Amino acid sequence: GQQLNQSPQSMFIQEGEDVSMNCTSSSIFNTWLWYKQDPGEGPVLLIALYKAGELTSNGRLTAQFGITRKDSFLNISASIPSDVGIYFCAGQPRVATSGTYKYIFGTGTRLKVLA
Amino acid sequence: EAQVTQNPRYLITVTGKKLTVTCSQNMNHEYMSWYRQDPGLGLRQIYYSMNVEVTDKGDVPEGYKVSRKEKRNFPLILESPSPNQTSLYFCASSLMGTGEAFFGQGTRLTVV
């Protein structure tokens with residue numbers, strides 16, 4: 001099936017640092033979404049993007065829908081200990097078959113913040 | 001409170017013994033889906049449903065069945081579980097067309 005390449009796979013950062021992660025695909029996506037998963041919980045939506053070039057913020061988080069429609073970026077500014085978790089990108093690929101509404105997830109970026 | 005409820009949270013079963021994991025949402029969402037999460041593979045969509053009696057395969061549907069007889073419920077059925085179906089399963093729901101999904105707490109299934 002289709003794959004989303006998410007990088008980095010994991011990262012250790014110091015509290016207060018900014019964090020960047022990205023997601024790329026070989027095919028065009030209609031929608032990009034970013035989720036965070038805490039241990040023992042289900043993913044929680046952080047940001048949703050619907051238009052190429054769109055830049056959206058949610059507090060210290062900023063995400064962008066790439067112009068080519070094949071990538072997306074998530075930035076976290078001034079990280080704090082509670083930012084620890086796994087961040088997933090997800091998207092709805094544009095497919096030739098109408099009425100298909102699959103969603104594809106990346107493999108996740110595991111973030112660890114050192115106080 | 002808006003929520004997606006899965007049951008059970010934990011399940012250990014033996015190969016071949018049919019099981020059902022239930023999922024219910026209280027947000028009147030049209031779209032519901034099931035995912036499995038495995039280390040290093042992220043979440044992979046098993047099946048999804050766009051409305052009552054409308055279901056379709058995700059990326060990894062083999063060995064699973066679903067049904068959508070009511071809008072709020074979307075059970076996942078494993079007719080003959082095998083050890084390679086040991087995984088963490090999530091149910092999710094959203095309004096059609098948004099992709100802004102609410103996830104359940106997860107069901108950790110072990111098949112021995």
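Let's start at B:Glu53, which sits in the loop between S5 and strand S6 (54–57) of chain B. Strands here are DSSP runs of E, at least two residues long, and helices are runs of H or I of at least four residues, both numbered from the N terminus. B:Glu53 is not a glycine, and still has a positive phi of about 65°. B:Glu53 has a relative accessible area of 60%, so it counts as exposed. The scale is simple: buried means under 20% relative accessible area, exposed means over 50%, and partly exposed is in between, with a 1.4 Å probe and protein chains only.

A word on the model itself: it is predicted, local features need pLDDT of at least 70, side-chain atom pairs count only at pLDDT 80 or more, and totals for chains, interfaces and linings use all residues. Residues are numbered from 1 along each chain as its sequence is written, chains are lettered from A and ligands numbered from 1 in the order in which they are written, and side-chain values use heavy atoms, with hydrogens and water left out.

B:Asn28 belongs to the loop between strand S3 (19–25) and S4 of chain B. Most residues other than glycine have a negative phi, and most peptide bonds are trans.

B:Asn7 and B:Pro8 are joined by a cis peptide bond with omega of about 0°, and B:Pro8 lies in the loop between strand S1 (4–7) and strand S2 (10–13) of chain B. In chain A, a cis peptide bond joins A:Ser7 and A:Pro8, with omega of about -5°. A:Pro8 is in the loop between strand S1 (5–7) and strand S2 (10–14) of chain A.

## The build of chain B

Chain B has 11 strands and zero helices. Its radius of gyration is 13 Å, close to the 13 Å that the globule rule gives for 112 residues, so chain B is as compact as a globular protein of that length. That radius is taken over C-alpha atoms, and the rule is 2.2 Å times the number of residues to the power 0.38. Along the principal axes, the C-alpha atoms fill a box of roughly 35 × 25 × 25 Å.

Of the 112 residues of chain B, 50% count as buried. With contact meaning heavy atoms within 4.5 Å, 52% of the chain B contacts between residues at least 6 apart in sequence join residues at least 24 apart. Chain B exposes about 5,200 Å², with carbon and sulfur atoms supplying 52% of it. These areas come from the Shrake-Rupley method with a 1.4 Å probe; for residues, only the protein chains shown count as cover.

## Aromatic pairs

Over all chains, the structure has 11 aromatic pairs. Rings of Phe, Tyr and Trp (its six-membered ring) pair if their centres lie within 6.5 Å; planes under 30 degrees apart count as stacked, over 60 as edge-to-face and the rest as tilted. B:Tyr31 and B:Tyr48 are a stacked pair because their ring centres are 5.6 Å apart and their planes are at 15°. This pair links distant parts of the chain, with B:Tyr31 in strand S4 (residues 31–38) and B:Tyr48 in strand S5 (residues 42–51) of chain B, 17 residues apart. Both B:Tyr31 and B:Tyr48 are buried.

B:Phe90 and B:Phe103 have ring centres 6.3 Å apart and planes at 80°, so they form an edge-to-face pair. B:Phe90 is buried, at 0% relative accessibility, and B:Phe103 is buried too, at 11%. These two residues belong to one aromatic cluster together with A:Tyr35, A:Phe88, A:Phe105 and B:Tyr35.

## Salt bridges

How many salt bridges does the structure hold over all chains? There are six, each defined as a side-chain nitrogen of Lys or Arg within 4 Å of a carboxyl oxygen of Asp or Glu. One of them is between B:Asp59 and A:Lys102, at 3.3 Å from N to O. B:Asp59 lies in the loop between S6 and strand S7 (65–66) of chain B and A:Lys102 in the loop between strand S9 (85–93) and strand S10 (104–105) of chain A, so the pair joins two chains.

Within chain B, B:Arg36, B:Asp38 and B:Arg44 are linked in a network of salt bridges. The closest N and O atoms are 2.8 Å apart for B:Asp38 with B:Arg36, and 2.8 Å apart for B:Arg44 with B:Asp38. B:Asp38 is buried at 11% relative accessible area, B:Arg36 is buried at 8%, and B:Arg44 is partly exposed at 27%.
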